[in-house]
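Here are some notes for a first reading of the entry shown below. Please keep the structure open while going through the points.

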Amino acid sequence: MSVTIEKPNAPIRRPRKGINWEKWGWIYMRVSGIVLVVLIFGHLFVNLMVGEGVKAIDFAFVAGKLANPFWVVWDTALLWLALIHGANGMRTLVNDYATKATMRMVLHGALLVSTLALLILGTLTIYAFDPCPAGSPADLLPSFCKAAN
Amino acid sequence: MTTSVNPSSAPSVQISAPAPRKRSVIPGGTLYRGKEGMWSWVLHRITGVGIYFFLLVHILDTALIRVSPEAYNAVIGAYQTPFMGVAEVGLVGAIVFHAFNGLRIILVDFWNIGTRIQRPMFYGVLGLWVVTMAAFTPRHLMNVFGW
């Protein structure tokens, strides 16, 4: 008589197939975090420490920065890396503190929708921006607008 | 670092847990609770949430440059008031802590002695925070108050 004995050291759960999203989220937080330290410290230094700092910020100041491709790339990277980093961090808090399934779904959905909306809005702000809008008082516009008008 | 996992030959490891607290509802005897590791975690969460909600507002206020120069200047003017000027010190303080403590977390994760020196690294984070804020705060307040 033969008895079939189950393999005693078989894994309880089969290894999951596909992309391990949680792992890539974990890696994203660290990689984007390192880049964001540079991007945000540079952003704060140029906007708050150089010259008159926060007092110098107005439409003409922003238009002048966005006329420079260097700051366009900088701000685009800042927007995408920071917002996704922040939203993924908030997702961690939802996972930790929202215990009801409906509440988790609502909060995860709100995070997804707000993140997508602000990524689109922010990207449009950087790329679909007119530094010399017609009909605006010249003293509010950057100095390079005079040559164009 | 690799350690033997064979229970028969593994050397005994001494872990010094904090003694239970007297006259306290907190059970004590944990390696983690109430120590630097907990407070770095708490501060990382609180600063992260604060920075996140500022980021949402900041993307919206910057989007006003596509509405009109007047609209943008009116809203950005709110950032230049004395009240907001002082609040910005708090915002930058939160960002600087989150940045340095984030780098500490990466070192804990990837540096072979990271977990062993997480506590001194936390004091390193606090030290760097003090130095950075000492450089930022006077300069920023001079700009805000026109000193």
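The points below go from confidence, to each chain, to the contact between the chains, and then to single helices.

1. For chain B the mean pLDDT is 87, with 78% of the residues at 70 or more. Within the elements of chain B, the lowest mean pLDDT belongs to α2(B), at 94, and the highest to α3(B), at 97. Where pLDDT is low, the predicted coordinates should not be read in detail.

2. Make-up of chain B. Chain B contains four helices and zero strands. Followed along the sequence, the pattern is α-α-α-α. Chain B has 147 residues, of which 16% count as buried. Among contacts in chain B with a separation of 6 or more, 57% join residues 24 or more positions apart.

3. Make-up of chain A. Chain A has five helices and zero strands, and from the N terminus on its elements run α-α-α-α-α. Of its 149 residues, 13% are counted as buried. Residues 24 or more positions apart make up 68% of the contacts in chain A that have a separation of 6 or more.

4. Overall shape of chain A. How does the radius of gyration of chain A stand against that of a compact globule of 149 residues? Chain A has 24 Å, whereas such a globule would have a value near 15 Å. Along the principal axes, the C-alpha atoms of chain A fill a box of roughly 100 × 30 × 25 Å.

5. A pair to find in chain A. Trp26(A) sits in helix α1 of chain A. Gly135(A) is 109 residues from Trp26(A) along the chain, and the C-alpha atoms of the two are separated by 49 Å.

6. The contact between the chains. How many residues does each chain bring to the contact? Chain A brings 33 residues and chain B brings 33 residues. On the side of chain B that touches chain A, at least two residues come from each of α1 (36–63), α2 (69–78), α3 (82–110) and α4 (118–145) of chain B. The most come from α1(B), which gives ten residues. By type, the residues on this side of chain B are 19 nonpolar, nine polar and five charged.

7. Helix α1(B). This helix has 28 residues, and the distance from its first C-alpha to its last is 40 Å, close to the 40 Å expected at 1.5 Å a residue. Its buried residues are Ser40(B), Thr47(B), Gly48(B), Ile51(B) and Thr62(B). They pack against helices of both chains: α3 (69–97) and α4 (101–127) of chain A, and α3 and α4 of chain B. An α-helix has 3.6 residues a turn, so residues three or four places apart point the same way.

8. Helix α3(B). With 29 residues, α3(B) reaches 42 Å from first C-alpha to last, close to the 42 Å expected at 1.5 Å a residue. Which residues of α3(B) are buried? They are Glu88(B), Ile95(B), Val96(B), Phe97(B), His98(B), Ala99(B), Asn101(B), Gly102(B) and Arg104(B). The buried residues of α3(B) pack against α1 (21–49) of chain A together with α1 and α4 of chain B.

9. Helix α4(A). From its first C-alpha to its last, α4(A) reaches 39 Å with 27 residues, close to the 39 Å expected at 1.5 Å a residue. Its buried residues are Leu118(A), Gly122(A), Thr125(A) and Ile126(A). What covers the buried residues of α4(A)? The cover includes α2 (59–66) and α3 of chain A, together with α1 of chain B.

Terms used:
Residues numbered from 1 in each chain as written. Chains lettered and ligands numbered in written order. Predicted model: local features only at pLDDT ≥ 70, side-chain atom pairs only at ≥ 80, totals over all residues. Contact = placed C-beta atoms within 7 Å. Nonpolar A, V, L, I, M, F, W, Y, C, P; charged D, E, K, R; others polar. Expected span 1.5 Å × (residues − 1). Buried ≥ 20, exposed ≤ 12 C-beta atoms within 10 Å, placed from the backbone. Rg over C-alpha atoms; globule rule 2.2 N^0.38 Å. pLDDT = per-residue confidence, 0-100.
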